[in-house]
Amino acid sequence: PPVAAGPTVKVLPSSSQPAATLAARGAIVPFTNITISPESPVVLQEMTVERTGLGDEQAFREVALIARPSAGIETANDDRIVAWGALDPGGHRVSLKPTEALGRINGPAEFTVAGIMALDLSGYVGQVAYLSVAGAKFIAQTSGTQAVVPVENFPIHGTGQTIHNSLAVGELSLKTVIDINSGRRMDFRANAA
């Protein structure tokens, strides 16, 4: 195995994984929870995510890495999606490069790999897809040297999600309701087909 040029980093499956559910069109669906635990502060350079299972790459608009609130992570702002990218149709993989929102990882930090589903999933209904973490690269914060992630930790598999097209997620309607006693009020309703 290669000799570590900096602190080692453990990337492990989190103790709890997302519940198996429907991957609805247009939704951001969690697939895999991971914990990144460095010996000393590091910066994530890139993370490789692979689509496995019987789901098609075209069912995903993009894949996102979401920072979950934890003590070991620094973010520049409230943005929780800290990396995203589109799957390569031929290679079933995507290399996620973090945005400036993600700072140092100082200690154990929790992340979720999520699929941003396509707006039309009619050709993929019933397929079960997985998004697995296949690799990661880090830079040591102090010296700029690359930290070695033990290769035996990969791949990290999460939960298979069933692709579903008839459920609409994220629609909102606004209706003005006239009430004799209190006057006008606004009525917001979330719609699901």
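Which residue in strand 11 is the bridge partner of E46? Select E46 and look across: K137 is that partner.

Before going on, some ground rules. This is a predicted model, where local features need pLDDT of at least 70, side-chain atom pairs count only at pLDDT 80 or more, and totals for chains, interfaces and linings use all residues. Residues are numbered from 1 along each chain as its sequence is written, and side-chain values use heavy atoms, with hydrogens and water left out.

**Stop 1: strand 4 and its partners**

Select residues 42-53, which form strand 4. Strands here are DSSP runs of E, at least two residues, numbered from the N terminus.

Pick E50 to see one end of a bridge; its partner in strand 8 is R93.

**Stop 2: the aromatic pair**

Select F31 and F60. Rings of Phe, Tyr and Trp (its six-membered ring) pair if their centres lie within 6.5 Å; planes under 30 degrees apart count as stacked, over 60 as edge-to-face and the rest as tilted. The count by this rule is one aromatic pair. The ring centres of F31 and F60 are 5.7 Å apart and the planes are at 55°, so the pair is tilted. F31 sits in strand 3 (residues 28-38) and F60 in strand 5 (residues 60-67), so the pair ties together parts 29 residues apart in sequence. Both F31 and F60 are buried, meaning under 20% relative accessible area with a 1.4 Å probe, protein chains only.

**Stop 3: the core**

Select I36, L65, F111 and F138. These have the most contacts inside the largest nonpolar core, which has 41 residues. Such a core is a set of buried Ala, Val, Leu, Ile, Met, Phe, Trp, Tyr and Cys residues joined through side-chain atoms within 4.5 Å. Strand 11 gives the largest share of this core, five residues.

**Stop 4: Q161**

Finish at Q161, in strand 13 (residues 161-168). Is Q161 buried or exposed? Its relative accessibility is 0%, so Q161 counts as buried. Show the polar contacts, pairs of N or O atoms within 3.5 Å; within protein, one must be able to donate a hydrogen and the other to accept it, and residues adjacent in sequence count only if both atoms are side-chain atoms. The Q161 side chain reaches the backbone oxygen of A19 at 3.1 Å. A polar atom of that side chain also lies 2.9 Å from the backbone oxygen of P30.

Note on methods. Helices (H or I, at least four residues) and strands (E, at least two) are DSSP runs, numbered from the N terminus. Buried means under 20% relative accessible area, exposed over 50%, partly exposed in between (1.4 Å probe, protein chains only). Two strands pair if DSSP finds at least two bridges between them.
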